[in-house]
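Please read them with the structure open.

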Amino acid sequence: MDAALALAARGLGRVWPNPAVGCVIVRDGRVIGRGRTADGGRPHAEVVALGQAGAAARGATAYVTLEPCSHHGQTPPCADTLIAAGVARVVVAMRDPDIRVDGTGLSRLRAAGIAVTAGVREAAGRELQQGFLTRVAAGRPMVTLKLACTLDGRIATAAGESRWITGPEARAHVHAQRARHDAVMVGAGTARQDDPRLTVRGFGPAHAAGPQPVRVVLSRKLDLPRDGALFDGGPPVWLVHADAPPATVDAFAAKGAETVRVGTAPGGGLDITAALAALGGAGLTRVYCEGGGTLAAEMLSAGLVDRLDCYTAGAAIGAEGRPALAALGLARLADAPRLRLVETRAIGGDVLHRWRA
């Protein structure tokens, strides 16, 4: 199962709207087939692994990180494919909570006389599937908030200089995290100030030719530069707005951007809860939010951050620098968002603190 989980992890950020699944088929103590859900979501992991195993799959054991699907979509149900292949046993990490499956895949296998064992390495399976599970349960993608700041919590000088707060190793690590998410998201201020590309870079031409994350910008009025690096003909750009003028929407659509309209929040800004629901409805399961400070504060205040990755550099800018978070409007310390620390490690000359909600 550990091998199947490792295979599944290779699909993170590459298979949405499907979950990233891994499958290993074993017979007589020997691996005869292995696979993960292919880029784009098809074919499924079980189909890939069974294709490698061929006729030897009859009587074998299949280890799958998520309950095999039991519904007809673009492809036949994987539960039926396993039955037709003649496997003797199926071991799964976790049940699929999707209402189209939710135990029916396991029931179908058992009804065909196949031995089923569920819950093997379930905690690891759930961690791997957090994005998929969040979309099923909450209707929105999992959100990782990334901050890169100095020891005193600053992300730029008073003049706006921010390149580079952290070192090259930390920046490479950020690109690796982008690659494991379906989308990279920023607010309008970051899009205007930094003119970011929001692509995955630095891993060679082989990776560059593969899937790139969707680039998402939240901007109430779409007051963004139309000649920026985002509109370079590269990966898809989704612009989420609330009340942008129709002519502005049309202008960005003409540049190839997908525009998504949502409502406004009670305070008058863009409704970020509705924005994330729209992204989930479009199939995204994992979103990497790179700020800036206003969006980061709004996400934390709304309880929409599932994981926080904070890269801290050994430098100080002082009170005149720009803070990593905008005002939260807290009256009491008890109201401060609280997260639990799950990992600390050095990356080059910087430190990564990883927190979970």
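How many bridges join S1 to strand S3 (residues 61-64), and in which sense do the two run? Four bridges join S1 to S3, and the two strands run antiparallel. Keep in mind throughout that this is a predicted model.

1. The five-stranded sheet. S1 and S3 belong to an open sheet of five strands. Its order is S2-S1-S3-S4-S5, and the pairing is mixed. Strand S2 (30-36) and strand S5 (115-118) stand at the edges. Each has a single partner strand, so one side of each lacks a neighbour in the sheet.

2. Gly22 stands opposite Arg36 in S2, and Val24 stands opposite Arg34 in S2. Towards S3, Cys23 stands opposite Val64.

3. The S1-S2 turn. The two strands form a hairpin with two residues between them. Asp28 lies in this turn and has a positive phi of about 55°.

4. The nine-stranded sheet. A second open sheet is listed with nine strands and mixed pairing. Its order is S11-S10-S9-S8-S12-S6-S13-S16-S15. Strand S11 (258-261) and strand S15 (340-347) take the edges. Each has a single partner strand, so one side of each is left without a neighbour in the sheet.

5. The S13-S16 pair. Strand S13 (residues 307-312) pairs with strand S16 (residues 350-356) in the antiparallel sense. Six bridges hold this pairing.

6. Helices H3 and H4. The axes of helix H3 (residues 78-85) and helix H4 (residues 104-111) come within 9 Å. They cross at roughly 20°. That makes H3 roughly parallel to H4. The crossing is right-handed.

7. The largest pocket. Its volume is about 1300 Å³. The lining has 49 residues, and Thr190, Asp194, Glu290, Gly291 and Gly292 lie nearest the centre. Elements that give two or more residues to this lining include strand S6 (142-149), helix H7 (168-179), strand S8 (183-187) and helix H12 (293-301). Which element gives the most? H8 does, with six residues. By class, the lining divides into 20 nonpolar, 16 polar and 13 charged residues.

8. The second largest pocket. About 470 Å³ of space lies here. It is lined by 25 residues, and Asn18, Pro19, His71, Asp98 and Arg100 are the closest to its centre. Helix H6 (residues 130-138) supplies the largest share of the lining, three residues. The lining has 11 nonpolar, seven polar and seven charged residues.

9. Cavities. A search of the whole structure finds two of 30 Å³ or more. The largest cavity has a volume of about 80 Å³. It is lined by 16 residues, with Leu12, Pro19, Ala20, Thr285 and Arg286 nearest its centre. H6 gives the most to this lining, with three residues. The classes are seven nonpolar, seven polar and two charged. Note Pro19: it is among the residues closest to the centre of the second largest pocket, and it is also among those nearest the centre of the largest cavity.

10. The second largest cavity. This one holds about 50 Å³ of space. Its lining is made of Ala191, Asp195, Pro196, Leu224, Pro225, Gly228, Leu230 and Phe231. Six of these are nonpolar, one is polar and one is charged.

Methods: Residues are numbered from 1 along each chain as its sequence is written. This is a predicted model: local features need pLDDT of at least 70, side-chain atom pairs count only at pLDDT 80 or more; totals for chains, interfaces and linings use all residues. Side-chain values use heavy atoms; hydrogens and water are left out. On a 1 Å grid over the protein atoms alone, a cavity is a set of points where a 1.4 Å probe fits but cannot get out, and a pocket is an open set with protein on both sides within 12 Å along at least five of seven lines; lining residues have an atom within 4 Å of a point. Grid points are joined across faces, edges and corners, and a volume is the space filled by probe spheres set on the points. Ala, Val, Leu, Ile, Met, Phe, Trp, Tyr, Cys and Pro count as nonpolar, Asp, Glu, Lys and Arg as charged, and the others, Gly among them, as polar. Two strands pair if DSSP finds at least two bridges between them. Axes are lines fitted to C-alpha atoms, for helices over the stretch in contact, and angles run from 0 to 180 degrees between N-to-C directions. Angles under 35 degrees count as roughly parallel, over 145 as roughly antiparallel, 65 to 115 as roughly perpendicular and the rest as oblique. A crossing is left-handed if the near helix is turned anticlockwise from the far one by less than a right angle, and right-handed if clockwise.
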